[in-house]
Amino acid sequence: MNGNIELLSTTLAAAKAEDRAALIAYLPAGFPTVDGGIEAVKAVIAGGADVVEIGLPHSDPVLDGPVIQTADDIALRGGVRIADVMRTVREAYEATGVPILVMTYWNPIDRYGVERFTAELAEAGGAGCILPDLPVQESALWREHAEKHGLATVFVVAPSSQDARLATITAAGSGFVYAASLMGVTGTRASVGAQAQELVGRTRATTDLPVCVGLGVSNAEQAAEVAGFADGVIVGSAFVKAILDAPDEATGLDAVRSLAGELAQGVRKR
């Protein structure tokens, strides 16, 4: 069975045809529980998310700030496994038809087996993977299996990436390019910064892939600002924080659905 890279591409193209950016939501698998995490994904999609990234919880993240680290710790203490990540992808995709990616560090895939991971993700209906710590020059094995199974390979670029490096990264990637808006870790911030717009422009000069911006967007105003220059707006910590701050699961689901609705309006006010 092939994965859903084409669905990802057509979804991003459809948003562009509507003269808006796509809203891409991030939530970790297994948080607050496996079942609760699946319901949270459905809630952000019901609120207006076009694409969802499912985080594979990791004990030693290098990109994720304290909010997502807290959620990962809850998921790991709850015993989440890769099988639960695949189940989250499958049930979310089957319920909504929206492209679902997995965001993961490389070590769990390496231990699990690249062929096994890509085959299972494709079978679950996944659209691809975001791999923040896999160097492009060491990615040939992954890309071979991802392409075979119809999965996107999304690499992360940063403001520190030189133009030649950007060209190398974007040439190897597929689906879209994840542009980190600033140097640092994930988390809500008061402003997204001018670095992001410059990075998007430099990245676009190297590729026809959509360029989506993450790290720091937490409200409709910031989403509208980023939507003015990016193809997609990625929001993670704000959704996770909404669940962490909720007194119970039902309230958390209402909160992420409502936030997704506000952000969806934001990306339409570019």
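**Close-up views of a predicted model**

Of the 270 residues of the protein, 58% count as buried. The model shown in these views is predicted.

View 1. Along the principal axes, the C-alpha atoms fill a box of roughly 45 × 40 × 35 Å. The radius of gyration is 17 Å. A compact globule with 270 residues would have a value near 18 Å, so the protein agrees with that expectation.

**View 2. Asp-50 sits in the loop between helix 2 (34-47) and strand 2 (51-55).** Is Asp-50 buried or exposed? Its relative accessible area is 13%, and the cut-off for buried is under 20%, so Asp-50 is buried. Two polar partners can be picked out here. The side chain of Asp-50 makes a polar contact of 3.0 Å with the side chain of Arg-20. A polar atom of the Asp-50 side chain also lies 2.8 Å from the backbone nitrogen of Leu-23. Asp-50 then touches Thr-11, Arg-20, Ala-21, Ala-22, Leu-23, Val-98 and Pro-99.

**View 3. Helix 8 (residues 163-172) crosses helix 9 (residues 194-204).** The two axes come within 9 Å. They cross at roughly 65°. The crossing of helix 8 with helix 9 is right-handed. Which residues of helix 8 meet helix 9? They are Asp-163, Leu-166 and Thr-170. On the side of helix 9, the residues are Leu-199, Arg-202 and Thr-203.

**View 4. Helix 10 (residues 220-227) holds several buried residues.** These are Gln-222, Ala-223, Ala-224, Val-226 and Ala-227. What covers the buried residues of helix 10? The cover includes strand 8 (211-214), strand 9 (232-235) and helix 12 (249-266).

**View 5. Asn-219 stands at the start of helix 10.** Find the side chain of Asn-219. One of its oxygens reaches to within 3.2 Å of a backbone nitrogen. That nitrogen belongs to Glu-221.

Methods
Residues are numbered from 1 along each chain as its sequence is written. This is a predicted model: local features need pLDDT of at least 70, side-chain atom pairs count only at pLDDT 80 or more; totals for chains, interfaces and linings use all residues. Side-chain values use heavy atoms; hydrogens and water are left out. Axes are lines fitted to C-alpha atoms, for helices over the stretch in contact, and angles run from 0 to 180 degrees between N-to-C directions. Helices (H or I, at least four residues) and strands (E, at least two) are DSSP runs, numbered from the N terminus. A crossing is left-handed if the near helix is turned anticlockwise from the far one by less than a right angle, and right-handed if clockwise. Contact means heavy atoms within 4.5 Å. Buried means under 20% relative accessible area, exposed over 50%, partly exposed in between (1.4 Å probe, protein chains only). A polar contact is a pair of N or O atoms within 3.5 Å; within protein, one must be able to donate a hydrogen and the other to accept it, and residues adjacent in sequence count only if both atoms are side-chain atoms. The radius of gyration is taken over C-alpha atoms; the globule rule is 2.2 Å times the number of residues to the power 0.38. Lists of a residue's contacts leave out its neighbours within four places in sequence.
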